[in-house]
Amino acid sequence: MNITFPDIVFVILAALILGCGAIVAYSRNIVRAGFSLLGAFAGVAGLYFLAQANFIGAAQILIYVGGVLVVILFAIMLTRGIAQAHSTNPRQMVIPATLMGLISAAMLITIALYFPWRLRPDAPVATVHSLGNALLDTYLIPFEFLSLLLLAAMIGAVMLVRKEIKESGKEESR
Amino acid sequence: MTLTLGLPHFLVVAALLFSLGLVCILSRRNAIGLLLGIELMLNAANINLIAFARFVESDLSGHVFALFVMVLAAAEAAIAMAIVLAIFRSMKHIDVNLTVNLKE
Amino acid sequence: MEPFAQAHLLWLIPVLPLLGAFINGAFGLKIHRRYGEKPIHVVAILMPALSFVIAAYYFLQMTALAPEQRQMLNHLYDWIRIGDFNLPLAFWFDPLSGAMTLMITFVGTLIHIYSVGYMHKDDSYWRFFAYMNLFMFSMLTLILGDNFVLMFVGWEGVGLCSYLLISFWYRDLKNAGAGMKAFITNRVGDFGFIIGMFALLWALGGGWNASGYALQRPENLTLVFREIKLIAPLLLNEQIFGIAAPTFICLLFFWGATAKSAQIPLYVWLPDAMAGPTPVSALIHAATMVTAGVYMVARLNFLFAMSPVVMTVVAGVGALTALFAATIGLFQTDIKKVLAYSTVSQLGYMFMGVGIGAYWVGIFHLLTHAFFKACLFLGSGSVIHAMHHAYHKSNNHHDDPQDMRNMGGLGQYMPTTKWTYLAACFAIAGFPFMSGFFSKDEILWLNFANANTLIPGQVFWAIGAGAALLTAFYMFRSYFMTFTGKFRGSADTAHHLHESPKSITSVLKTLGVLSIIGGVIGLPKLWHLPNFLEHWLEPVFETAQPYLHWHHYSHGLEWGLMALSVVIAFTGFAIAYTLYKDARSKVPAQFIQKYPALHRVVYNKYYVDEFYQATFIRGTMIFSNLCDWFDRTVVDGLVNLSAFVTHQFSKLNGWHDNKVIDGAVNGLASLTGYCGQALRKVQTGRIQTYLYVLLGGGLVLILIRFVIFS
Amino acid sequence: MNQSTLLTWMIFAPLIGIPFVLAMPKDKTQWVRWLATAITAIPLLLGLYLVMNFDPNNTSMQFEHHFVWIPSFAIEYYVGVDGLSILMVLLTVLIAFIASIASWGITKYVRGYFALFLLLETGMLGTFCALDFFLFYVFWEVMLLPMYFLIGIWGGPRKEYAAIKFFLYTLFGSLLMLLAIIAMYYNSNPATLVDGTPVNHTFNIVKLITENDFAAKAPLLGFEFSKLLFIALFIGFAIKIPMVPFHTWLPDAHVEAPTPISVILAGVLLKMGGYGILRINYGIFPEAAKWAAPGVALFGAISIVYAAFVCLAQKDLKKMIAYSSVSHMGFVLLGIAAFTDQGMTGAVFQMWTHGLISPMLFLIAGVIYDRAHHREIDGFGGLANQMPEYTGLTGLAFMASLGLPALAGFISEFLVFTGAFPVYRVLTIISGLAIIITAAYYLYALQRMFLGKLNEKYAGLSDLTWRERVTLYPLAVLIVVVGIYPMPLLNLINKTLMSIVQVFKG
């Protein structure tokens with residue numbers, strides 16, 4: 001039984017991802033869910049490295065863990081009433097949700113396992129250099145659009161909050 | 001049990017993660033909980049992209065797309081949180097069931 | 001065809017009275033108003049008198065011819081000629097119709113003269129004479145017609161005139177009812193006559209084979225008497241409805257005769273016909289019309305002689321009627337009713353005569369009966385006229401001038417009427433040397449000696465003799481009750497009683513004399529005296545002789561029977577004399593107390609009228625109401641029902657239209673609304689719901705793709 | 001073919017007269033009446049001229065007028081007259097003339113009335129003379145329509161019901177006839193039109209009779225072709241006769257129709273049925289006719305006896321006369337079914353004599369109705385004292401109707417009986433019973449109305465006026481003359497009918 005090293009890593013990472021995912025999905029406490037998200041993102045990054053997509057892994061950690069997770073935690077903290085010692089994260093209809101989840105998982109897995117993928121074991125390693133080239137010549141247009149999108153998002157977020165302050169300028173002067 | 005790391009493994013993990021995301025969205029009443037689910041599903045998608053890039057594709061489209069997805073996810077999260085905050089400000093709660101005044 | 005002389009003026013005999021009828025009928029009212037009664041009755045009497053003259057002229061001309069050439073034809077034109085069937089309008093004058101025409105025109109003219117006095121000052125005087133002349137026309141057409149249809153024209157014509165004359169005083173509904181009864185009963189008889197006529201026509205023509213629609217013997221298709229006489233033997237081997245043709249045909253003809261000549265069972269109309277004026281009763285219901293049946297049987301002697309069955313039926317019915325009517329006559333109190341039943345009875349004798357094949361003696365009795373019965377009726381007429389006049393003067397309006405119980409002792413007031421009435425009574429009773437004696441005795445004797453009927457002749461003789469006894473009795477009963485004894489009315493009425501005017505008495509005298517000497521034309525061979533009538537009518541009836549055969553009894557028996565009939569006449573006279581002379585004896589009254597039931601039944605004519613009324617007339621009425629009800633409700637009902645059904649169907653259609661189809665459309669709309677309503681609940685606003693629906697839809701699609709199509 | 005436009009003029013003279021009548025000023029009713037009567041007089045004169053020049057020995061069509069009308073459907077305008085229709089045409093013009101005089105009593109919408117009346121006369125004359133089936137059907141409907149309005153507008157209390165009933169009943173019949181016409185058209189052999197153009201089908205009745213043999217045709221709807229068509233046409237015509245089961249429209253129509261219309265209805269319209277059967281049914285389907293003869297005779301006998309009994313129970317004078325018409329028309333059926341010369345001639349002559357007698361009867365009913373405004377027989381009594389002349393004429397009419405010999409009624413009844421006896425003995429004897437019942441109901445009516453004491457309610461009734469005399473006396477004289485000397489009329493129809501019967505005798 002020749003269990004190779006990457007397999008062990010894969011299993012550990014998979015367990016990490018799914019465990020955190022489960023916590024995110026099922027925990028009653030929103031904060032614990034938020035923090036378990038961190039574990040999930042880290043596990044995913046690990047998988048990227050395992051799949052020799054090093055830049056992407058790094059990017060994952062950078063964007064998700066650094067960016068998205070922080071924003072979420074902020075949101076959580078802001079929307080929780082200070083007084084609430086234990087933030088409620090009520091759940092409803094867990095059984096049908098789980099059922100739906102199982103069904104979709106079953107479907108995807110069957111597709112994954114039984115679909116005749118054209119495997120090419122010696123896929124080229126995605127170096128940063130090749131990625132950069134790809135980003136700037138074949139995928140230039142989407143790249144530029146993406147930047148536009150980010151700009152729009154930024155403005156949108158600012159607009160939302162500013163209108164907020166103007167409205168509630170009277171009671172909160174933050 | 002020869003567990004040579006192949007494409008199906010990644011796909012299975014991604015699938016499971018995806019369904020966990022789904023479960024999270026369906027069973028949460030808290031708007032943020034909802035968003036967490038979205039983030040999980042996006043990551044699952046990314047895993048698939050990378051897996052395919054690794055095992056099937058010859059060019060880098062998989063990787064590039066993964067990048068794009070991440071960027072999008074970030075933008076989306078920001079906007080989402082802004083909205084959530086706006087809702088919180090006006091309605092003092094972010095319970096998905098109650099914010100239904102769009103209903104006809 | 002034996003040669004026959006052309007008599008060009010023959011058609012005048014019937015047409016002259018028709019002309020008289022037309023003149024009086026169309027212009028009578030104006031003439032009566034402007035010129036009074038005279039011109040009317042002059043015209044009315046002149047016409048039959050002229051006919052009598054023409055008839056006498058031809059009669060004499062015929063006597064000059066040899067017996068077998070005694071036939072005269074007057075062919076006017078073809079009345080109906082279609083295909084093989086040819087019906088000429090022609091008049092035929094042979095010994096039989098000659099004798100009859102003479103009698104009719106002679107007696108007719110006398111009665112017309114008589115009516116002048118009788119109908120004096122009647123407001124529709126002209127109408128009376130118009131009808132009388134019309135009657136003469138019909139009767140003469142009947143007698144002189146040379147074929148069945150022309151005879152039928154006269155046959156129905158006399159029926160019509162008797163209807164018109166019986167209901168002459170139509171103000172009294174009873175008379176109108178009697179008239180209608182007469183006409184309808186005659187019509188029943190005519191039905192039989194017509195069917196008989198067709199049966200004869202087609203039996204001779206050889207019937208009709210339904211397949212080929214062709215006639216076997218088209219040349220025989222005729223209704224003319226003399227042509228039928230030649231081809232009559234063809235009938236012997238023909239059958240209709242399984243009955244021998246001659247029997248079937250003659251029975252039907254006899255059915256017609258029973259109605260016309262008032263025999264059982266269709267005699268009921270004659271007694272009621274007395275509602276008409278008395279000259280009418282005398283002319284129509286005694287002398288002429290009722291004898292039409294006898295004449296018809298005599299005319300068709302060659303047919304009737306062919307089948308003994310028919311002869312038995314005719315003679316039998318005749319005998320029965322004679323006896324039956326005589327019994328009713330016994331208790332009648334109305335003088336005209338007595339005479340009416342006596343007519344029915346005497347007609348029975350005539351049918352007994354012609355029934356057994358002794359046609360000439362039937363006609364002989366017909367002629368003599370015409371004289372004495374007319375005399376009797378006119379006598380009773382003059383009595384009634386006097387009584388009516390007396391009552392009128394003494395303004396007694398409740399007593400019936402015709403009821404013998406109110407009379408009595410009129411002899412001294414009306415001597416002529418009394419003697420003529422008495423003479424006629426002797427004649428009808430059959431006193432020796434009177435006309436009635438010769439004809440009636442001859443009938444009885446020939447009945448006794450006949451071998452043509454299935455029933456032995458002696459039976460007929462016995463019935464005839466019994467009837468003769470009753471006849472003698474009731475005739476003299478009527479004589480004594482009216483003319484002898486004391487007047488049973490009030491003195492004041494008696495004071496106004498006087499003899500009828502000359503026009504009436506002169507006619508009575510002539511008829512009285514005729515009824516006495518009438519017998520001379522048919523003296524019995526027994527006395528080796530010339531029998532003019534038998535010899536005269538012999539050529540007419542010789543075709544029937546081969547079918548007839550007689551028993552030959554000794555002369556002694558004939559003398560004995562003749563003596564017996566004289567004795568019968570006298571006994572009848574004696575009984576009547578003892579019981580009713582001067583209304584002395586109480587026996588009749590006691591008899592009525594002792595047998596009230598018997599008296600009532602006979603007096604009410606054995607309730608035959610009521611029986612007919614209850615069965616036939618009410619039956620017809622009920623059936624007609626039933627038909628009417630059926631027609632109104634069922635047949636009309638069906639039509640209305642179909643209308644109702646169509647109406648309901650259209651309503652159903654309307655309902656279906658707006659309920660079902662409209663409903664479907666509305667239903668669809670509401671359904672959509674309902675579904676929309678249902679679906680609205682799905683839009684809960686919650687994202688998760690949408691996600692569920694999304695995933696559910698996706699799942700279902702995948703299931704369908706893999707589970708069903710793989 | 002001697003083309004003569006006499007018939008066309010006779011048929012369309014009334015039609016041409018209509019605008020003139022309508023053009024008359026409204027208030028001058030007397031003028032309108034005189035004009036209308038004058039217009040009806042024209043066909044009467046033409047009719048008399050026609051009868052004078054009619055050659056009785058020629059059994060084919062005479063006075064033909066024949067030209068193509070609608071070539072595409074082989075429809076021609078073809079009119080002609082032969083032994084069968086000459087009497088009917090004469091009857092129509094005569095009765096129409098007398099009815100127009102009797103119509104002088106109409107006061108409501110006089111011009112409208114006479115316009116419809118003239119249209120009716122055109123329809124009737126057309127139907128009798130038409131020899132093209134399509135034309136026949138057109139005239140048949142043209143006749144039907146004005147009749148409906150005449151009853152419906154000028155009628156008595158229940159006029160709408162009666163008019164509708166009459167119209168629908170006859171329409172049902174003519175529907176069957178239309179179907180039969182079309183079936184016959186498509187099954188007829190090819191023929192040539194008048195102007196020589198060959199056509200594959202034809203409506204021409206004469207050609208249908210002579211050149212076609214429908215007995216050999218394929219069965220239709222499962223029934224034998226000629227029999228089915230015979231029955232369809234027969235029902236159509238039987239309704240018109242009327243035959244018993246289909247007769248209930250007649251009493252209602254008569255009771256509600258005004259007097260002159262009753263006269264026309266009874267005098268002429270009822271003859272359409274009989275004429276139709278003889279011309280079409282017996283002409284085109286001889287085998288079917290022979291097959292159906294017993295049935296026809298049976299229905300004839302039933303009509304005679306049944307209607308006679310119903311008459312006996314009638315209270316209304318006009319209804320009684322209507323039922324007596326049904327009974328007398330039953331003789332026509334009996335006569336037709338016998339296929340003997342006498343029977344056939346008797347049937348046609350019965351149509352002629354009944355055409356004289358029943359108008360007289362209805363005029364008489366009209367006279368008393370104009371005076372007493374009701375027709376209950378029992379309501380009257382002793383009219384003879386008050387109206388002797390009227391009583392005399394009624395007596396004559398009743399006697400003629402019950403078949404007193406030497407009057408018109410007897411001749412035709414005698415001939416029908418003579419003709420029918422050999423073939424249908426029992427039926428004739430049963431029908432013979434009807435002469436007793438007929439006598440009964442007429443005398444019963446006569447007694448209740450005329451004899452007895454004068455009903456004081458009618459003390460003031462006046463006797464006949466001149467107008468009534470002008471209508472009644474011609475008919476009375478005709479009835480007596482025809483009764484005594486029928487030969488000239490019989491000669492007219494004799495040859496043709498014997499040729500028709502010859503077809504069956506073969």
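In chain A, which helix has the lowest mean confidence, and which the highest? Helix H6 (residues 140-167) of chain A is lowest, at a mean of 81, and helix H2 (residues 30-50) of chain A is highest, at 87. This is a predicted model: local features need pLDDT of at least 70, side-chain atom pairs count only at pLDDT 80 or more, and totals for chains, interfaces and linings use all residues. Residues are numbered from 1 along each chain as its sequence is written, while chains are lettered from A and ligands numbered from 1 in the order in which they are written.

**Confidence**
- The pLDDT (the predictor's confidence in each residue, from 0 to 100) averages 79 in chain A.
- In chain A, 80% of the residues score at least 70.
- Where pLDDT is low, the predicted coordinates should not be read in detail.

**Chain D against chain C**
- Chain D brings 47 residues to the contact and chain C brings 44. Two residues are in contact if their C-beta atoms, placed from the backbone, lie within 7 Å.
- On the chain D side, H11 (286-312), H13 (341-372), H16 (408-420), H17 (425-450) and H19 (487-505) each supply at least two residues. Helices are DSSP runs (H or I, at least four residues), numbered from the N terminus.
- H17(D) gives the largest share of that side, 10 residues.
- The chain D side has 33 nonpolar, 10 polar and four charged residues. Ala, Val, Leu, Ile, Met, Phe, Trp, Tyr, Cys and Pro count as nonpolar, Asp, Glu, Lys and Arg as charged, and the others, Gly among them, as polar.

**Domains of chain D**
- Chain D splits into domain 1 (1-164 + 244-279) and domain 2 (294-506), with bounds from an automatic or database domain assignment.
- Their centres, taken over C-alpha atoms, are 22 Å apart.
- In chain D, 34 residues of domain 1 touch 40 residues of domain 2.
- H10(D) gives the most to the domain 1 side, with 11 residues.
- That side has 22 nonpolar, 10 polar and two charged residues.

**Nonpolar cores**
- The largest nonpolar core has 443 residues. Such a core is a set of buried Ala, Val, Leu, Ile, Met, Phe, Trp, Tyr and Cys residues joined through C-beta atoms within 7 Å; buried means 20 or more other C-beta atoms within 10 Å of a residue's own, placed from the backbone.
- Val314(C), Ala374(C) and Leu334(D) have the most contacts inside this core.
- Helix H15 (residues 359-393) of chain C gives the most to this core, 21 residues.
- A second, separate core of 77 residues includes Ala33(A), Phe18(B), Leu26(B) and Ala77(B).

Terms used
Buried ≥ 20, exposed ≤ 12 C-beta atoms within 10 Å, placed from the backbone.
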